[in-house]
Amino acid sequence: MSTGEERLLARLALTWLAEPGTWTVYRLVDSIGPIATLDLLLDGGAPEDRLRATVAARRASGDARGVAAEALGRAERLGARVICPEDAEWPVRLADLRRLRLPDASRRVDLETAPPLCLWLRGARRLDESLERSVAVVGARAATAYGLHVATELGYGLADRGWTVVSGGAFGVDAAAHRGALNAGGVTVSVLACGIDRPYPMGNAALFDRIAESGLLLGEWLPGAEPLRPRFLIRNRVIAAGTLGTVLVEASARSGATQTTRRALALSRPAMVVPGPVTSAMSVGAHEILREEPRARLVTGVAHVLEEVGRIGADLAPPVRGPSRPTDQLDDEATLLVETFPRRGVIGLEALAARAGVDIRAAMRKLSLLEELHLVVRRDGGYALAPPPATVRRTDTRTGDG
């Protein structure tokens, strides 16, 4: 076995012995390398009691190197592969997890946020290229029709503009964002909280197959690993760190999607929130982030998202404007004259100028402009507001009383 293969097996074995994100394991690998770290842990030399207990419990169920080798074979039969930080397609942005510290963290899933030791991939695309221009779209599993519509539109619009859509593959917002990207013929990446051979939920199996065909499925856990609840929160740090920004579409008060957004904020990534109806329980978590986090940005569509994550000065959202009106072209004096006109009837030039407080000569010039714009008409004895444009009446061609 070559040294490279031995290092790879050691990384896989370490991921099996301790959950991904464990800082002690990551720092040991960073300091003495994966092979020496594995030997140290297997010899009972873990520097923390909890890690020693975890390693002892895992060792009781199998040989770490043997489990790693079996996982590699399983992945090959599946057509999957595994990459490490030394590989060319490793996304460099994940190194930012070195500085991820969550405020008021007390749970293990919020404390153990180290970068991954390795990643399992299913799909032909390179991971680094896929994530280079990527946006995470996350949200509620029990999404409303509104949330599903928004997520689909965002997924489609981002993919249509050449951006990769990243999400977690769950029911609701995640699946809608993935499908939107696929329907646009774009690239989408699903980050799993389980083994690459058993993407969860099974109800989205056909969706996962479509993603693997044109995009990527990725995860940190060895093939066969179960989708345990804490793993979803551990997984979320990869979604936040691997993308250029995160968009939250609907989230209840305790939604895991809000945790992805908070991780993006802690990494100084753009964190965007789509507002929802204040009467919906699926809006509570999203709105709380907007209230509590000054850096979170309210977005209502693809243009706003691209303004946050795109190139400075090149991806600005167009200003919101109402429908244009003929009066938009008027200066203050002309506007004042129009507003001074009686709603009905005719008014003389002198009376109009007096009511508007405008010099008669100025009033004559402005009235000529207003005539050209078809806003006023000349009548015997003065001027009147022009009638509104005629509307075409629809004629009912049906026979009978209908």
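**Figure 1. The N-terminal cap of helix α17 in the predicted model.** Aspartate 359 caps the N-terminal end of α17, with a side-chain oxygen 3.0 Å from the backbone nitrogen of arginine 361. The model is predicted: local features need pLDDT of at least 70, side-chain atom pairs count only at pLDDT 80 or more, and totals for chains, interfaces and linings use all residues. Residues are numbered from 1 along each chain as its sequence is written, and side-chain values use heavy atoms, with hydrogens and water left out. Helices (H or I, at least four residues) and strands (E, at least two) are DSSP runs, numbered from the N terminus. A polar contact is a pair of N or O atoms within 3.5 Å; within protein, one must be able to donate a hydrogen and the other to accept it, and residues adjacent in sequence count only if both atoms are side-chain atoms.

**Figure 2. The two sides of helix α17.** The helix covers residues 360–372, 13 residues in total, and spans 19 Å from its first C-alpha to its last. This is close to the expected 18 Å, the expected span being 1.5 Å times one less than the number of residues. Ala362, Ala363, Lys366, Leu367 and Leu370 are buried. Seen down the axis of α17, these buried residues fall within an arc of 130°, so they line one face of the helix; the arc is that of the directions from the helix axis to the C-beta atoms. On the other side, Arg361, Arg365 and Glu372 are exposed. Buried means under 20% relative accessible area, exposed over 50%, and partly exposed in between (1.4 Å probe, protein chains only). The buried residues of α17 pack against α15 (332–340), α16 (349–356), β10 (376–379) and β11 (382–385), where contact means heavy atoms within 4.5 Å. Histidine 374, which follows α17, has a positive phi near 60°.

**Figure 3. Strand β8 and its partners.** Ala271 and Val273 point one way from β8 (residues 271–274), Met272 and Val274 point the other way, and all are buried. Strand β7 (residues 246–249) runs parallel to β8 and is joined to it by four bridges; two strands pair if DSSP finds at least two bridges between them. Methionine 272 is the bridge partner of valine 247 and stands opposite arginine 297 in β9. Two bridges join β8 to β9 (residues 297–298), again in parallel. The chain crosses from β8 through helix α13 (residues 284–292) to β9 in a right-handed β-α-β crossover. A crossover is right-handed if, with the strands pointing away from the viewer, the path from the first strand over the helix to the second runs clockwise. β7, helix α12 (residues 256–266) and β8 also make a right-handed β-α-β unit.

**Figure 4. The nine-stranded open sheet.** The strand order is β1-β2-β6-β5-β4-β3-β7-β8-β9, with mixed pairing. β1 (81–83) and β9 stand at the edges with a single partner strand each, so one side of each has no neighbour in the sheet. Three bridges join β4 (residues 164–167) to β5 (residues 188–191), which run parallel, and valine 165 has threonine 188 as its bridge partner.

Figure 5. Serine 167 has 0% relative accessibility and counts as buried. Its side chain makes a polar contact of 3.0 Å with the side chain of aspartate 174. Leaving out residues up to four places away in sequence, serine 167 touches Val137, Val138, Asp174, His178, Val189, Ser190, Val191 and Ile239.
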